[in-house]
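Biologist: Could you take me through one part of this model up close? I'd like to hear about the aromatic side chains and what surrounds them.

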Amino acid sequence: MHAVPCIYMILLWCQPLQYMSCMTRNALSFCSLQNCLQAFKRFLQEMGITWTYLQENEALADAILGYHLLPGFPAASADFTAKFMQKITPLKAMTAAEPYSVTFRPASPQGTAQQWLAEDMQGNVARVAAADLGAGAHRVLVIDRVLYSGAYWPNFDKLFATLPSLFSAFQTAIQRSGPAAAALTAEGATNTLFLPTDAAFKQGGVSLDAPAAKIAALLKAHALAGVGLSIPGGFKQGSQVATLGGQVLTVMYKQEGSVHKSSGLHNYVAYMASSSGQTARVISPNLFVSKAQVHVINRVLKPLQRAATATAAATADAPPPLGPATTPTTITMTSAEGVKAPAAAAAATRAAADVNSKQPSAASSA
(Lines give C-alpha, C1' and ligand atoms only; values in the text may rest on other atoms or scores of the structure.)
Protein backbone atom coordinates (compact mmCIF):
# COMPACT_ATOMS: atom_id res chain seq x y z
CA MET A 1 0.00 0.00 0.00
CA HIS A 2 2.69 2.48 0.95
CA ALA A 3 4.52 1.85 -2.33
CA VAL A 4 1.72 3.69 -4.14
CA PRO A 5 0.84 7.32 -3.27
CA CYS A 6 -2.71 7.68 -1.97
CA ILE A 7 -3.69 10.19 -4.63
CA TYR A 8 -2.62 7.77 -7.34
CA MET A 9 -4.78 5.04 -5.85
CA ILE A 10 -7.80 7.31 -5.87
CA LEU A 11 -7.12 8.10 -9.51
CA LEU A 12 -7.39 4.37 -10.18
CA TRP A 13 -10.78 3.95 -8.50
CA CYS A 14 -12.37 3.32 -11.90
CA GLN A 15 -9.75 0.79 -12.96
CA PRO A 16 -10.16 -2.00 -10.40
CA LEU A 17 -7.89 -4.58 -12.03
CA GLN A 18 -5.02 -2.11 -12.49
CA TYR A 19 -5.66 -0.89 -8.95
CA MET A 20 -5.42 -4.40 -7.58
CA SER A 21 -2.11 -4.99 -9.37
CA CYS A 22 -0.75 -2.08 -7.31
CA MET A 23 -2.38 -3.11 -4.06
CA THR A 24 -1.14 -6.72 -4.16
CA ARG A 25 2.32 -5.37 -3.30
CA ASN A 26 1.05 -5.06 0.24
CA ALA A 27 1.34 -8.17 2.41
CA LEU A 28 -1.93 -7.40 4.19
CA SER A 29 -5.19 -9.05 3.23
CA PHE A 30 -7.91 -6.50 2.70
CA CYS A 31 -11.00 -5.63 0.72
CA SER A 32 -11.25 -2.34 -1.19
CA LEU A 33 -14.58 -0.69 -1.87
CA GLN A 34 -14.13 0.46 -5.42
CA ASN A 35 -15.96 3.52 -6.77
CA CYS A 36 -17.00 4.31 -10.33
CA LEU A 37 -16.23 7.66 -11.95
CA GLN A 38 -19.84 8.82 -11.89
CA ALA A 39 -20.11 8.14 -8.17
CA PHE A 40 -16.90 10.03 -7.51
CA LYS A 41 -18.06 13.07 -9.46
CA ARG A 42 -21.24 13.02 -7.41
CA PHE A 43 -19.17 12.94 -4.23
CA LEU A 44 -17.12 15.97 -5.27
CA GLN A 45 -20.34 17.85 -5.99
CA GLU A 46 -21.83 16.89 -2.60
CA MET A 47 -18.69 18.00 -0.78
CA GLY A 48 -18.52 21.25 -2.74
CA ILE A 49 -14.92 20.59 -3.76
CA THR A 50 -13.00 19.97 -6.97
CA TRP A 51 -10.58 17.26 -7.96
CA THR A 52 -7.76 19.79 -7.79
CA TYR A 53 -8.76 20.71 -4.24
CA LEU A 54 -8.68 17.04 -3.23
CA GLN A 55 -5.27 16.54 -4.82
CA GLU A 56 -3.92 19.41 -2.73
CA ASN A 57 -5.51 18.18 0.51
CA GLU A 58 -3.71 14.95 1.37
CA ALA A 59 -5.32 14.60 4.80
CA LEU A 60 -8.81 14.55 3.30
CA ALA A 61 -7.69 12.14 0.58
CA ASP A 62 -6.24 9.82 3.23
CA ALA A 63 -9.49 9.94 5.22
CA ILE A 64 -11.55 8.99 2.16
CA LEU A 65 -9.22 6.23 1.03
CA GLY A 66 -8.86 4.76 4.52
CA TYR A 67 -12.62 4.47 4.88
CA HIS A 68 -12.77 2.39 1.69
CA LEU A 69 -10.20 -0.17 2.83
CA LEU A 70 -11.19 -3.11 5.03
CA PRO A 71 -8.02 -4.77 6.41
CA GLY A 72 -8.21 -8.52 6.84
CA PHE A 73 -11.89 -8.67 5.93
CA PRO A 74 -13.06 -11.65 3.77
CA ALA A 75 -15.24 -10.25 1.03
CA ALA A 76 -15.67 -12.94 -1.59
CA SER A 77 -19.20 -13.70 -2.77
CA ALA A 78 -19.19 -17.03 -0.97
CA ASP A 79 -18.19 -15.37 2.33
CA PHE A 80 -20.97 -12.80 2.16
CA THR A 81 -23.62 -15.23 1.00
CA ALA A 82 -22.76 -17.78 3.69
CA LYS A 83 -22.95 -15.20 6.47
CA PHE A 84 -26.19 -13.72 5.21
CA MET A 85 -27.77 -17.15 4.80
CA GLN A 86 -26.78 -17.83 8.41
CA LYS A 87 -28.73 -14.69 9.35
CA ILE A 88 -25.52 -12.89 10.32
CA THR A 89 -26.87 -9.54 9.31
CA PRO A 90 -26.13 -6.71 9.47
CA LEU A 91 -22.43 -7.45 9.06
CA LYS A 92 -20.18 -4.70 10.44
CA ALA A 93 -16.61 -4.33 9.17
CA MET A 94 -13.97 -2.03 10.66
CA THR A 95 -12.17 0.09 8.09
CA ALA A 96 -8.57 1.30 7.95
CA ALA A 97 -9.98 4.67 9.09
CA GLU A 98 -10.42 3.35 12.62
CA PRO A 99 -12.78 3.73 14.51
CA TYR A 100 -15.20 4.11 11.59
CA SER A 101 -16.93 1.01 10.25
CA VAL A 102 -19.09 0.01 7.28
CA THR A 103 -22.24 -2.10 7.69
CA PHE A 104 -23.20 -4.67 5.06
CA ARG A 105 -26.64 -6.20 4.62
CA PRO A 106 -28.39 -8.14 1.84
CA ALA A 107 -30.42 -6.13 -0.64
CA SER A 108 -33.12 -8.79 -0.50
CA PRO A 109 -34.22 -11.29 2.17
CA GLN A 110 -32.69 -14.12 0.12
CA GLY A 111 -29.19 -12.63 0.37
CA THR A 112 -28.37 -13.56 -3.20
CA ALA A 113 -24.72 -13.25 -4.13
CA GLN A 114 -23.66 -9.74 -5.21
CA GLN A 115 -26.94 -8.23 -4.03
CA TRP A 116 -25.55 -6.45 -1.01
CA LEU A 117 -25.79 -2.96 0.42
CA ALA A 118 -23.07 -1.04 2.25
CA GLU A 119 -24.16 1.61 4.77
CA ASP A 120 -21.74 4.28 5.97
CA MET A 121 -21.49 6.18 9.28
CA GLN A 122 -23.82 8.93 8.04
CA GLY A 123 -26.63 6.63 6.91
CA ASN A 124 -25.85 6.69 3.18
CA VAL A 125 -26.35 3.38 1.39
CA ALA A 126 -24.32 2.11 -1.57
CA ARG A 127 -25.16 -0.90 -3.70
CA VAL A 128 -22.44 -3.41 -4.50
CA ALA A 129 -22.47 -3.44 -8.30
CA ALA A 130 -19.72 -6.04 -8.82
CA ALA A 131 -17.66 -8.30 -6.59
CA ASP A 132 -14.77 -10.77 -6.59
CA LEU A 133 -12.41 -8.53 -8.57
CA GLY A 134 -8.76 -9.02 -7.75
CA ALA A 135 -6.72 -12.10 -6.99
CA GLY A 136 -5.72 -14.30 -4.08
CA ALA A 137 -6.78 -12.95 -0.69
CA HIS A 138 -7.44 -9.49 -2.13
CA ARG A 139 -10.93 -8.48 -3.22
CA VAL A 140 -12.46 -5.39 -4.79
CA LEU A 141 -16.10 -4.50 -4.46
CA VAL A 142 -17.44 -2.00 -6.97
CA ILE A 143 -20.02 0.27 -5.32
CA ASP A 144 -22.25 2.95 -6.78
CA ARG A 145 -21.40 5.83 -4.42
CA VAL A 146 -18.57 7.12 -2.26
CA LEU A 147 -19.12 6.36 1.41
CA TYR A 148 -18.86 8.92 4.22
CA SER A 149 -17.15 8.22 7.52
CA GLY A 150 -17.39 10.44 10.58
CA ALA A 151 -14.24 12.28 9.50
CA TYR A 152 -15.64 14.15 6.48
CA TRP A 153 -19.08 15.65 5.92
CA PRO A 154 -20.74 17.35 2.93
CA ASN A 155 -22.06 20.26 5.03
CA PHE A 156 -22.79 21.38 8.58
CA ASP A 157 -26.50 20.62 8.27
CA LYS A 158 -25.65 16.94 7.74
CA LEU A 159 -23.24 16.96 10.68
CA PHE A 160 -25.77 18.55 13.03
CA ALA A 161 -28.65 16.33 11.84
CA THR A 162 -26.62 13.12 12.21
CA LEU A 163 -25.20 13.96 15.66
CA PRO A 164 -27.89 16.08 17.36
CA SER A 165 -26.92 14.92 20.84
CA LEU A 166 -23.43 16.35 20.39
CA PHE A 167 -23.88 19.64 18.56
CA SER A 168 -27.47 20.82 19.02
CA ALA A 169 -26.39 23.72 21.26
CA PHE A 170 -23.92 25.04 18.69
CA GLN A 171 -26.54 24.68 15.96
CA THR A 172 -29.01 26.65 18.06
CA ALA A 173 -26.39 29.33 18.64
CA ILE A 174 -25.82 29.62 14.89
CA GLN A 175 -29.55 29.99 14.27
CA ARG A 176 -29.83 32.79 16.86
CA SER A 177 -26.65 34.67 16.01
CA GLY A 178 -27.66 36.56 12.90
CA PRO A 179 -26.12 36.45 9.41
CA ALA A 180 -22.57 37.46 10.36
CA ALA A 181 -21.87 34.43 12.55
CA ALA A 182 -24.15 32.15 10.55
CA ALA A 183 -21.66 32.47 7.70
CA LEU A 184 -19.24 30.35 9.76
CA THR A 185 -21.21 27.23 8.86
CA ALA A 186 -22.70 28.36 5.58
CA GLU A 187 -22.16 26.45 2.35
CA GLY A 188 -18.66 26.99 1.02
CA ALA A 189 -17.18 28.19 4.33
CA THR A 190 -13.39 27.77 4.40
CA ASN A 191 -12.59 28.68 7.99
CA THR A 192 -11.13 26.66 10.84
CA LEU A 193 -13.74 26.06 13.53
CA PHE A 194 -13.31 24.85 17.10
CA LEU A 195 -16.64 23.16 17.79
CA PRO A 196 -17.78 22.76 21.44
CA THR A 197 -20.01 19.83 22.33
CA ASP A 198 -23.37 20.11 24.06
CA ALA A 199 -21.65 18.94 27.25
CA ALA A 200 -19.24 21.87 26.95
CA PHE A 201 -22.12 24.35 26.68
CA LYS A 202 -23.77 22.80 29.74
CA GLN A 203 -20.57 22.75 31.76
CA GLY A 204 -19.88 26.39 30.94
CA GLY A 205 -23.39 27.49 31.85
CA VAL A 206 -23.72 29.27 28.51
CA SER A 207 -27.13 30.84 27.91
CA LEU A 208 -28.41 30.93 24.33
CA ASP A 209 -31.20 33.36 25.25
CA ALA A 210 -28.79 36.28 24.96
CA PRO A 211 -29.07 38.93 22.22
CA ALA A 212 -27.92 37.89 18.77
CA ALA A 213 -24.85 40.14 18.93
CA LYS A 214 -23.57 38.43 22.08
CA ILE A 215 -24.13 34.97 20.64
CA ALA A 216 -22.33 36.01 17.45
CA ALA A 217 -19.38 37.23 19.53
CA LEU A 218 -19.31 33.87 21.31
CA LEU A 219 -19.25 31.94 18.04
CA LYS A 220 -16.52 34.13 16.52
CA ALA A 221 -14.31 33.22 19.49
CA HIS A 222 -14.22 29.70 18.00
CA ALA A 223 -13.30 30.54 14.41
CA LEU A 224 -10.15 31.32 12.46
CA ALA A 225 -10.47 33.03 9.11
CA GLY A 226 -9.12 31.59 5.88
CA VAL A 227 -8.24 28.05 4.91
CA GLY A 228 -8.70 25.12 7.26
CA LEU A 229 -5.76 24.28 9.51
CA SER A 230 -5.18 20.69 10.57
CA ILE A 231 -3.71 19.39 13.83
CA PRO A 232 -0.76 19.11 14.19
CA GLY A 233 0.26 20.19 10.67
CA GLY A 234 -1.28 23.66 10.90
CA PHE A 235 -0.14 24.56 14.40
CA LYS A 236 3.34 24.37 15.88
CA GLN A 237 3.94 24.02 19.61
CA GLY A 238 3.36 27.39 21.28
CA SER A 239 2.08 29.10 18.14
CA GLN A 240 -0.55 31.81 18.55
CA VAL A 241 -3.47 32.51 16.23
CA ALA A 242 -6.15 35.20 16.32
CA THR A 243 -9.84 34.33 16.20
CA LEU A 244 -12.49 36.31 14.35
CA GLY A 245 -13.58 37.61 17.75
CA GLY A 246 -10.18 39.09 18.53
CA GLN A 247 -9.05 36.48 21.05
CA VAL A 248 -5.59 34.95 20.82
CA LEU A 249 -5.38 31.15 21.01
CA THR A 250 -2.13 29.60 22.16
CA VAL A 251 -1.63 26.06 20.89
CA MET A 252 -0.08 23.51 23.23
CA TYR A 253 0.52 19.79 22.92
CA LYS A 254 0.75 17.28 25.74
CA GLN A 255 1.89 13.69 25.39
CA GLU A 256 -0.81 11.36 26.68
CA GLY A 257 -1.21 7.61 26.58
CA SER A 258 1.18 5.01 25.26
CA VAL A 259 3.05 4.76 21.98
CA HIS A 260 0.75 3.98 19.05
CA LYS A 261 1.30 0.28 18.37
CA SER A 262 0.90 0.46 14.59
CA SER A 263 3.01 3.51 13.79
CA GLY A 264 5.38 3.47 16.77
CA LEU A 265 4.74 7.19 17.29
CA HIS A 266 3.81 8.97 20.50
CA ASN A 267 0.24 10.10 21.01
CA TYR A 268 -0.39 13.75 21.83
CA VAL A 269 -3.43 15.80 22.68
CA ALA A 270 -3.85 19.41 21.58
CA TYR A 271 -5.01 22.20 23.89
CA MET A 272 -6.17 25.69 22.95
CA ALA A 273 -5.62 28.37 25.62
CA SER A 274 -7.68 31.49 24.93
CA SER A 275 -6.75 35.02 25.98
CA SER A 276 -10.33 35.33 27.23
CA GLY A 277 -9.57 32.91 30.05
CA GLN A 278 -10.33 29.32 29.08
CA THR A 279 -8.33 26.30 27.98
CA ALA A 280 -10.07 23.70 25.82
CA ARG A 281 -8.92 20.17 25.06
CA VAL A 282 -9.27 19.04 21.46
CA ILE A 283 -11.17 15.76 21.76
CA SER A 284 -11.69 15.08 18.05
CA PRO A 285 -9.37 16.87 15.61
CA ASN A 286 -9.39 17.09 11.84
CA LEU A 287 -12.99 16.73 10.76
CA PHE A 288 -13.65 18.00 7.25
CA VAL A 289 -16.96 19.72 6.56
CA SER A 290 -16.82 20.55 2.87
CA LYS A 291 -13.88 23.02 2.74
CA ALA A 292 -13.94 23.89 6.44
CA GLN A 293 -11.71 22.23 9.03
CA VAL A 294 -13.36 21.37 12.36
CA HIS A 295 -11.77 20.43 15.68
CA VAL A 296 -14.20 19.31 18.40
CA ILE A 297 -13.36 20.74 21.84
CA ASN A 298 -14.57 20.07 25.37
CA ARG A 299 -15.02 23.67 26.52
CA VAL A 300 -16.72 26.82 25.29
CA LEU A 301 -14.35 29.71 24.59
CA LYS A 302 -15.87 32.94 25.86
CA PRO A 303 -15.75 36.34 24.11
CA LEU A 304 -12.82 38.58 24.99
CA GLN A 305 -13.06 40.15 28.45
CA ARG A 306 -11.53 43.49 29.48
CA ALA A 307 -10.37 42.23 32.85
CA ALA A 308 -6.63 42.57 33.28
CA THR A 309 -6.38 39.05 34.62
CA ALA A 310 -7.88 37.42 31.55
CA THR A 311 -4.59 36.56 29.88
CA ALA A 312 -3.12 35.02 33.02
CA ALA A 313 -6.26 32.95 33.59
CA ALA A 314 -6.04 31.55 30.08
CA THR A 315 -3.07 29.35 30.96
CA ALA A 316 -3.91 28.63 34.60
CA ASP A 317 -5.31 25.17 33.88
CA ALA A 318 -3.26 24.45 30.78
CA PRO A 319 -0.94 21.42 30.59
CA PRO A 320 2.80 22.06 30.77
CA PRO A 321 4.16 22.81 27.28
CA LEU A 322 6.69 20.55 25.61
CA GLY A 323 8.99 23.43 24.76
CA PRO A 324 9.02 25.95 21.92
CA ALA A 325 10.87 23.69 19.49
CA THR A 326 8.77 20.55 20.00
CA THR A 327 5.81 19.74 17.79
CA PRO A 328 4.15 16.30 17.98
CA THR A 329 4.29 13.84 15.13
CA THR A 330 0.86 12.37 15.67
CA ILE A 331 -2.28 13.30 17.54
CA THR A 332 -4.65 11.09 19.52
CA MET A 333 -7.87 10.82 17.54
CA THR A 334 -11.35 10.60 19.01
CA SER A 335 -14.44 9.72 17.02
CA ALA A 336 -17.64 11.73 17.20
CA GLU A 337 -19.05 9.07 19.50
CA GLY A 338 -16.21 9.68 21.95
CA VAL A 339 -14.27 6.48 21.19
CA LYS A 340 -10.53 7.07 21.35
CA ALA A 341 -8.61 5.69 18.40
CA PRO A 342 -5.33 6.49 16.65
CA ALA A 343 -5.14 8.25 13.33
CA ALA A 344 -4.65 6.08 10.25
CA ALA A 345 -1.05 4.93 9.89
CA ALA A 346 -0.61 6.72 6.58
CA ALA A 347 -1.65 10.06 8.06
CA ALA A 348 0.51 9.55 11.13
CA THR A 349 3.53 8.64 9.05
CA ARG A 350 3.05 11.71 6.84
CA ALA A 351 2.69 13.91 9.92
CA ALA A 352 5.94 12.55 11.30
CA ALA A 353 7.77 13.53 8.14
CA ASP A 354 6.10 16.82 7.41
CA VAL A 355 4.96 18.59 10.53
CA ASN A 356 8.34 19.99 11.56
CA SER A 357 9.27 20.99 8.02
CA LYS A 358 6.20 23.15 7.39
CA GLN A 359 5.18 26.36 9.12
CA PRO A 360 1.78 27.63 7.88
CA SER A 361 1.52 31.39 7.74
CA ALA A 362 -1.72 31.26 9.72
CA ALA A 363 0.17 29.77 12.65
CA SER A 364 2.54 32.67 13.07
CA SER A 365 2.53 34.76 16.19
CA ALA A 366 -0.47 36.98 16.51
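Biologist: Before you zoom in, what share of the contacts in the protein chain with a separation of 6 or more comes from residues 24 or more positions apart?

Modeller: Keep in mind that this is a predicted model. Of the contacts with a separation of 6 or more, 63% are between residues 24 or more positions apart. The chain has 366 residues, 51% of them buried, and its secondary structure comes to 13 helices and 17 strands.

Now the aromatics. There are eight aromatic pairs by the ring-centre rule. Take Phe40 and Phe43: their rings are stacked, 6.2 Å centre to centre with 25 degrees between the planes. Both sit in helix α3 (residues 37-47), three residues apart, so about one helical turn separates them. Phe40 is buried at 8% relative accessible area, and Phe43 is buried too, at 1%. Then there's Tyr148 with Tyr152, a tilted pair at 5.7 Å and 40 degrees. Tyr148 is buried with a relative accessible area of 1%, while Tyr152 comes in at 0%.

Leu159, leaving aside neighbours within four places in sequence, contacts Trp153, Phe167, Leu195 and Val289.

One more ring to look at: the charged end of Lys291 sits over Tyr53, 5.7 Å from the ring centre.

How values were computed. Residues numbered from 1 in each chain as written. Predicted model: local features only at pLDDT ≥ 70, side-chain atom pairs only at ≥ 80, totals over all residues. Heavy atoms only, no water. Contact = heavy atoms within 4.5 Å. Helix = DSSP H or I, 4+ residues; strand = E, 2+ residues; numbered from the N terminus. Buried < 20%, exposed > 50% of the residue type's maximum accessible area, 1.4 Å probe, protein only. Phe/Tyr/Trp six-rings, centres within 6.5 Å; stacked < 30°, edge-to-face > 60°. Lys NZ or Arg CZ within 6 Å of the ring centre and 35° of its normal.
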